[in-house]
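Could you walk me through this structure in my viewer, one selection at a time? I would like to know what to pick next and what I will find there.

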Amino acid sequence: MVRSVPSWRWGAAAGRSFGRFTLVIAFTYLGLLAVTFFIGRVIPVDPVLAIVGDRAPEHVVQRVREELGLNLPLYEQFGRYVGQALRGDFGTSVLTSNPVWEDVKQTFPATLELATCGILIGAGFGVPLGVWAAVRRGGFVDHAVRVMGLVGYSVPIFWLGLMALVLFYAKLGWVAGPGRIDVAFEFSVQRVSGLMLVDTALYAKDTGDWAAFRSALSHLVLPASLLGYFSLAYISRMTRSFMLNELAQEYIVAARAKGLSETRIIWRHALRNAMVPLVTVISLSYAGLLEGSVLTETVFAWPGLGLYITNSLQNADMNAVLGGTLVVGTVFIALNLLSDLLYRVLDPRTRDTRTGNAR
Amino acid sequence: MSGFGHWLLSDRPLSRRQAALGRAYTGWLGFARNRLAMLGLALVLLLALVAVLAPWIAPYPPTVGELSQRLQAPSAAHWFGTDDQGRDILSRLMHGSSITLTVVALVAVLAAPIGLLVGTAAGYAGGWVDAVLMRITDIFLAFPRLILALAFVAALGPGIENAVIAIAITSWPPYARIARAETLSIRQADYINAVKLLGAGPARIVLRHVMPMCVPSVIVRVTLDMAGIILTAAGLGFLGLGAQPPMPEWGAMIAAGRAYVLDQWWVAAAPGAAIFIVSLAFNLLGDGLRDALDPKAAK
């Protein structure tokens with residue numbers, strides 16, 4: 001029985017699911033704000049005391065209280081907080097005396113650069129390794145992937161970073177030490193994108209001097225490999241299990257029966273289907289790297305968002321801590337959303353069935 | 001096989017207790033076949049033993065050092081060397097093991113019941129209760145765990161108790177998810193209907209008849225999470241937000257050794273290796289438990 005579906009119905013269905021989607025995101029984000037609001041305004045006994053100290057005269061305390069809006073009822077305070085956060089107004093950092101938003105804009109590219117290089121390493125090596133482990137099940141690579149996974153789940157990242165610094169920087173001298181670039185280049189390279197590799201490459205293109213680029217690369221390689229290892233441990237393990245799942249399917253038998261080459265079956269047929277859930281895994285571990293970067297940046301003195309948050313923490317700078325937390329949380333939600341959307345695009349089965357199944 | 005073994009493996013258990021013990025025994029037999037899991041279990045038990053016996057077997061006091069002996073390389077007198085205050089690192093590691101175990105146990109005791117309660121309540125009640133509880137769970141899942149714990153500790157103030165609370169607050173959502181999924185499949189079971197006919201109220205059904213069925217899978221998940229809990233606690237300690245000096249917490253010990261890492265690398269190396277071995281043990285144990293208790297998830 002063939003029944004065509006009018007196009008307006010498809011539009012309505014898509015619109016409804018999109019509306020639902022937006023609502024879920026909005027609710028999650030509001031929840032995120034509620035959590036940071038709770039942490040920042042409700043848990044501390046007296047935020048005013050934290051700002052003016054306990055020796056301030058009474059009228060100063062009163063004025064600060066009113067400036068912060070603490071004399072308002074809690075729901076009104078929350079409303080103001082949401083409004084400020086949506087405008088990117090997270091207050092002023094006590095430590096740097098800049099608006100927190102400016103600091104975040106300064107530091108975020110460094111974290112982005114580190115996490116992106118990390119995920120490129122992690123996915124670039126992790127996916128092929130996982131495929132290999134699945135194809136040669138029980139073989140050497142399979143065991144190696146298992147061990148790497150176990151170690152990756154068990155080792156403290158900050159400790160591994162320290163030990164790697166001792167070995168590769170202090171003892172062997174293969175890579176540069178903490179920081180993003182040698183001090184000598186720090187002020188000669190113009191900040192364009194905030195991504196050190198891009199900026200130094202642009203500088204090198206103008207001047208023909210690649211020393212700054214090499215320095216930046218040498219600083220980046222160790223922390224990026226470290227983060228890359230942690231995502232590799234996860235990605236390779238997941239790739240292996242998705243591939244094992246696909247290789248047991250009937251269409252693989254059919255492809256073999258058709259006489260397709262094994263390489264083609266593995267990389268074109270099986271991996272393409274395994275890629276659908278893998279995209280989710282990779283984007284989630286990309287988000288995980290943002291988290292891992294908090295400790296990694298501390299160890300490598302990498303001036304990113306993670307180091308900014310921990311430095312602010314040590315100075316009890318709550319505006320900066322909560323602003324940074326909110327930004328990381330937002331990126332987290334955005335990546336989750338992105339992986340969800342990609343999943344829908346890549347896997348036809350998750351699309352609206354009312355259009356596909358017109359029978 | 002001995003008579004007791006027969007009694008345990010009997011196909012027709014005569015009492016509830018025999019059936020329960022028999023099930024536990026077959027589970028154990030499956031678990032004991034897994035050599036890596038047994039290694040994990042042995043390491044965890046060893047750690048517990050060291051933690052309990054530390055005051056007697058540690059060769060030196062954990063917090064008082066000999067400043068003339070500071071930053072010594074590993075030797076016969078100090079197996080893992082001494083730190084910047086001249087304290088024996090091995091003794092500090094031994095005393096630190098009880099801190100690590102306490103943190104893990106407290107987080108598990110705090111977070112698992114919260115997750116169980118939220119998950120079973122949401123799954124059993126359904127409707128808007130389910131929607132609201134799961135949305136809250138999702139919000140907590142949307143945060144990166146370490147960063148949320150950082151923010152909580154920042155507000156509560158540094159210290160080991162607050163670190164435990166912060167980690168517990170960030171740990172319960174996955175347990176709630178699991179408990180809810182289990183509850184959804186249990187809710188329709190015949191025995192639940194039977195209990196309902198007997199006149200049990202929702203609270204009694206959830207607490208006495210649904211929750212116990214969710215416990216095994218939550219335990220497996222908690223065990224698998226323990227390595228993560230140890231790593232998070234160590235990370236907080238490393239950032240100076242967990243245990244405060246002079247407590248011999250392993251993460252804080254790494255932070256203290258960081259200043260000397262280029263020349264006296266062993267000061268930071270030893271506690272990190274300890275964290276690694278203990279997390280590895282919990283991971284092996286968790287994998288083994290999952291394979292033994294939850295054959296569906298094993299690959």
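pLDDT is the predictor's confidence in each residue, on a scale from 0 to 100. You will want that in mind from the start, as this is a predicted model.

**Colour chain A by pLDDT.** The average over chain A is 80, and 88% of the residues score at least 70. Where pLDDT is low, the predicted coordinates should not be read in detail.

**Switch to a cartoon of chain A.** You will find 15 helices and zero strands. Of the 359 residues in chain A, 37% count as buried. Taking the contacts in chain A with a separation of 6 or more, 70% are between residues 24 or more positions apart.

**Select residues 100–135 of chain A.** This is helix α5, with 36 residues. How far apart are the C-alpha atoms at its ends? They are 50 Å apart, which agrees with the 52 Å that the helix should span at 1.5 Å a residue. Next, zoom in on Thr107(A), where α5(A) has a kink of about 30 degrees.

**Move to the loop between α12 (262–300) and α13 (305–314) of chain A.** Pick Ala301(A), which lies in this loop. Its phi is near 50 degrees, a positive value in a residue other than glycine. Is Ala301(A) buried, exposed or partly exposed? Ala301(A) counts as partly exposed because it has 13 C-beta neighbours inside 10 Å, while a buried residue would need 20 or more.

**Finish where chains A and B touch.** Show both chains and select the contact: chain A brings 40 residues and chain B brings 37 residues. On the side of chain A, the helices α1 (7–42), α6 (140–154), α7 (157–171), α12, α13 and α14 (318–346) each supply at least two residues. Which helix gives the largest share of that side? It is α14(A), with nine residues. Colour the side of chain A that touches chain B by residue class, and you will see 27 nonpolar, 12 polar and one charged.

Methods:
Residues numbered from 1 in each chain as written. Chains lettered and ligands numbered in written order. Predicted model: local features only at pLDDT ≥ 70, side-chain atom pairs only at ≥ 80, totals over all residues. Helix = DSSP H or I, 4+ residues; strand = E, 2+ residues; numbered from the N terminus. Buried ≥ 20, exposed ≤ 12 C-beta atoms within 10 Å, placed from the backbone. Expected span 1.5 Å × (residues − 1). Bend = angle between axes of the 7 residues up to and from the residue. Contact = placed C-beta atoms within 7 Å. Nonpolar A, V, L, I, M, F, W, Y, C, P; charged D, E, K, R; others polar.
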